[in-house]
Amino acid sequence: MADILTVDHLRAYYLMNYFGVNREVRAVDDISLSIARNEVYGIAGESSSGKTSLIKVLAAAIRPPLKVVGGSATYHFKTGDIDVTSADAEAIEAVRWRNLSYIMQGSMSVLNPLRKVGRIFEDFASRPLGLSGSAFRQRVVGHLERLKLSPQVLNAFPHELSGGMRQRVTIGLATVCNPEFVIADEPTTALDVVVQKDVLGLIKDLQRDMGSSIVFVTHDMAVHANIADRIGIIYAGRLVEEAPTRTLFTAPKHPYTAHLVASLPRIGDTTERPALEGRPPNLANPPAGCRFHPRCPLAIDKCKTDVPPLETVAPGQRSACWRWRDVEPLAGGRHRAMELSK
Amino acid sequence: MSALLEIKSVSKHFPIGGVLSGKEIHAVEDVSFSVGGHGPEIFTIIGESGSGKTTLARMILGLERPTMGEILFQGQPVTHANRRERLRFMGKVQPVFQNPFEAFNPLKKVDRYLASTARRFLDLSAQPAVDAAMDEALQKVGLSLAEVRGRFPHELSGGQLQRVAIARALIPNPPLLIADEPVSMVDASLRMAIVNLLRDLRDNTGVSVIYITHDLATAYYISDRLVIMQRGRVVEMGPARPILDAPEHAYSRLLKASVLAPETATGDTLTVQPELAAASAAALAGPPGSLVGRPDGRLVRQA
């Protein structure tokens, strides 16, 4: 399968200068990954792990103090290749919304509260689509039908819609141009369980329909399990593990992943869930060696000094851990692994 | 042993569209339950946004007056006539809020909050006594005063800050905590730390917790009893695990069916079961009915 995105040794730092003191925050540190056409790639990580910074680079929204200091992120669109870390504003403008699109998190703050939904669609999509008037309206109405929304929402203000409908409108805005690549940043985090499932189903259907690729960012592993084909786990600016969804849940090969999978509580199971002590490292001054070692139950002396490389440990699975052979599913995860491998 | 908290057919109606329009939203409709009748417990209120769970919490804290019905805490109504009684009540029922980053003033050191809570509710004035009270509360949540003193909120991680928020609530030694979505803003790796903490507080410190959430999995993990609310009405209520194992009301079944878990990932399309959604909507549109008892101790709303 052809890749649509190749990220190669990408480094993006926040470079700040306060009163003559230089500070650098290594938010994205040497990340390499590739995403295939027609694939949903999940990115998981806690807040301040650098996942938002990675997304900013992928969305070609690189603004100071964020600066790409090395590597590249190249899209292979049907219209040609583009490296968003070096492309000029014009070239990025040409692919934005048409090829590369973005579903944002807070649907209330994305939609202009003073404009009707129809107007917002015009603001967003009229130019990239090159349509206007009734042709444009026809296109939008057709697209809303796919989202199971009636054309009446075009005449409504954002506050008149429910949370789920607003999120559908936001998804509609991002997908009305049939983009090849969609970045979804926590699109369901603020939603209730019933609406969340509904919206996720919608995203998945749309993705199949359009044949586009999605990068799906959330910290909720249960959501990843249901939507992603492959998952990458980010910890302190580094990709620590990457695997097909099922493998990641049944046979994690990084202690952090094993913990994330095991800590998910579930209905019908009352076994003690472990909590990971400590806090995510400060990216301005990350620990030496493996960045996870201060919180890692398996840490040995080597972990404190040497950075583990991201190596292939099984077909399709990469892990950055010196002791990946010793990683076992933890208490809650073991049960889950048994159930999933049935 | 009488119950710690008794909610007796409480309703709350808010006028909408101006006073003269005569329209009302029924945020909470005829809710009754009691908490802590048989020792400390974790009592969970489950519902979607708009189900009235936060309004109910605000009424328990005495921040809103019920339109109808009565809320008794240790036999006394929670709406107080004078300030002194109100303060005494506030020392016994303490809130923990959703987002720890918003609960703390970013410009004040976090120990100032702890100190002012200690001074106000424990009537302490000497600094060593205040320090001792703060340290005791912080120890209960797995922190210490030495770690926290002089820190600003941004210097602590989300999980630490939420634990400080819980420690602050514990300073007056309250028998009841109201925790409104305490883990929804906390990262996955720290979520279980907070949830396990609430359970330890129940088991070791004897604090009852009203845990408000829309996350059924953590509710199953820690709660003793729960109520499920739909648009202000209780639809199912009783022992937590039997209900979540086999929910009976259409809305409870819809909620459970919508919970995402790795085990239920099929790789197929994700859809909310239409027949459950329809049944749930029908239950909402139909007559309110009444709560009917079941042999396993649960109450289910039936038309």
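Axes are lines fitted to C-alpha atoms, for helices over the stretch in contact, and angles run from 0 to 180 degrees between N-to-C directions. Helices (H or I, at least four residues) and strands (E, at least two) are DSSP runs, numbered from the N terminus.

This is a predicted model, in which local features need pLDDT of at least 70 and side-chain atom pairs count only at pLDDT 80 or more, while totals for chains, interfaces and linings use all residues. Residues are numbered from 1 along each chain as its sequence is written, and chains are lettered from A and ligands numbered from 1 in the order in which they are written.

**Confidence**

The model scores ipTM 0.80 and pTM 0.84. For pLDDT, the predictor's confidence in each residue, from 0 to 100, chain B averages 86, and 97% of the residues score at least 70.

| Element of chain B | Residues | Mean pLDDT |
|---|---|---|
| helix α3(B), lowest | residues 100–103 | 82 |
| strand β8(B), highest | residues 208–213 | 93 |

**The contact between the chains**

With two residues taken to be in contact if their C-beta atoms, placed from the backbone, lie within 7 Å, chain A contributes 37 residues and chain B 34 residues. On the side of chain A that touches chain B, at least two residues each come from α7 (193–210), α8 (221–227), α10 (255–262) and α12 (331–340) of chain A, and the largest share, eight residues, belongs to α7(A).

The axes of α7(A) and helix α11 (residues 250–258) of chain B come within 8 Å and cross at roughly 45 degrees. That angle makes α7(A) oblique to α11(B), given that angles under 35 degrees count as roughly parallel, over 145 as roughly antiparallel, 65 to 115 as roughly perpendicular and the rest as oblique. In this pair, A:Val193, A:Val194 and A:Lys197 of α7(A) meet B:Leu254, B:Leu255 and B:Ser258 of α11(B).

**The sheet of chain B**

In chain B, eight strands form an open sheet of mixed pairing, ordered β6-β7-β8-β3-β9-β10-β12-β11, where two strands pair if DSSP finds at least two bridges between them. Because β6 (93–96) and β11 (290–293) of chain B stand at the edges with a single partner strand each, one side of each is left without a neighbour in the sheet. The twist averages 20 degrees from one strand to the next.

Within this chain, strand β3 (residues 42–47) and strand β9 (residues 225–230) of chain B pair in the parallel sense over five bridges, and B:Gly47 has B:Met229 in β9(B) as its bridge partner.
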